[in-house]
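Subject: Structure handover

Dear colleague,

Here is the structure you asked about, with its sequence. My notes on what was found in it follow below.

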Amino acid sequence: MLALVTALVLAAEPSGVRWERVDVLSEDPGLWLHQELPRLGVDALTPTVRFLTQVKGVWSTPVRGLDFGVSLGSQSLVYEYPLLPRANLALSLGLQTRLLLPRGALVGVAWRAGPVRLGLGLSVFSEATWSRVDYSYWTALPTLGLGFGRSPEPRAP
């Protein structure tokens with residue numbers, strides 16, 4: 001489903017897709033802060049490798065507010081709706097996949113200050129994989145995201 005939506009958006013206006021930012025701390029799925037950060041003092045190698053797999057490149061689409069992100073560990077399609085435009089605060093809603101298998105959703109708020117984006121939210125995802133497509137077990141985690149990139153374009157009043 002996510003791949004189909006992304007393909008339709010890209011086919012609509014391929015010239016409208018452009019690089020937006022790099023999320024050095026990704027909200028999708030949010031596992032690194034909860035599982036790997038506490039292990040840094042004991043075993044630095046595994047958390048470091050998993051940190052690198054969650055760093056996400058994000059591109060904007062021709063649909064204003066709709067971005068897609070890709071990392072080695074996950075892909076996401078996120079829409080940001082302005083809540084308080086003067087404060088650069090937006091509602092963030094998204095779908096997340098692993099190897100394009102739908103696995104969960106994101107909801108939260110995002111704040112931007114020039115090229116910096118900070119996100120706080122909730123990630124709800126399953127442990128489903130292509131070898132075991134089972135959506136019976138779900139995890140919900142609070143998330144923190146930090147990204148750096150282009151300053152967003154001003155919204156029309």
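Strand β2 is mostly covered, with 4 of its 5 residues buried. Please keep in mind throughout that this is a predicted model.

β2 (residues 56-60) runs antiparallel to strand β1 (residues 18-25), and 5 bridges join the two. Two of the pairs can be looked up in the structure: Val-22 has Gly-57 of β2 as its bridge partner, and Asp-23 stands opposite Lys-56 of β2.

β2 is also joined to strand β3 (residues 66-70), by 4 bridges and again in the antiparallel sense. Here Ser-60 has Asp-67 in β3 as its bridge partner. β2 and β3 form a hairpin with 5 residues between them, and Gly-65 in that turn has a positive phi of about 95°.

β1 pairs with strand β8 (residues 138-149) as well, antiparallel and over 4 bridges. Asp-23, already mentioned opposite Lys-56, stands opposite Gly-147 in β8.

These pairings belong to a barrel: 8 strands close up in the order β1-β2-β3-β4-β5-β6-β7-β8, with antiparallel pairing. On average, neighbouring strands of this sheet are turned by 30° against each other, direction ignored. As a reminder, strands of a sheet pair through backbone hydrogen bonds, either parallel or antiparallel.

Next, the second largest pocket. It holds about 340 Å³ of space. The elements that give two or more residues to its lining are α2 (31-36), α3 (45-54) and β8. Of these, α2 gives the most, with 5 residues. The lining has 20 residues in total, and Pro-29, Leu-31, Arg-50, Thr-53 and Gln-54 lie nearest the centre of the pocket. By type, the lining divides into 6 nonpolar, 9 polar and 5 charged residues.

Last, how confident is the predictor, and where is confidence lowest and highest? The chain has a mean pLDDT of 88, and 87% of its residues reach 70 or more. Confidence is lowest in helix α1 (residues 2-12), at a mean of 51, whereas β5 has the highest, at 97.

Regards

Technical notes: Residues are numbered from 1 along each chain as its sequence is written. This is a predicted model: local features need pLDDT of at least 70, side-chain atom pairs count only at pLDDT 80 or more; totals for chains, interfaces and linings use all residues. Side-chain values use heavy atoms; hydrogens and water are left out. Two strands pair if DSSP finds at least two bridges between them. Axes are lines fitted to C-alpha atoms, for helices over the stretch in contact, and angles run from 0 to 180 degrees between N-to-C directions. pLDDT is the predictor's confidence in each residue, from 0 to 100. On a 1 Å grid over the protein atoms alone, a cavity is a set of points where a 1.4 Å probe fits but cannot get out, and a pocket is an open set with protein on both sides within 12 Å along at least five of seven lines; lining residues have an atom within 4 Å of a point. Grid points are joined across faces, edges and corners, and a volume is the space filled by probe spheres set on the points. Ala, Val, Leu, Ile, Met, Phe, Trp, Tyr, Cys and Pro count as nonpolar, Asp, Glu, Lys and Arg as charged, and the others, Gly among them, as polar. Buried means under 20% relative accessible area, exposed over 50%, partly exposed in between (1.4 Å probe, protein chains only).
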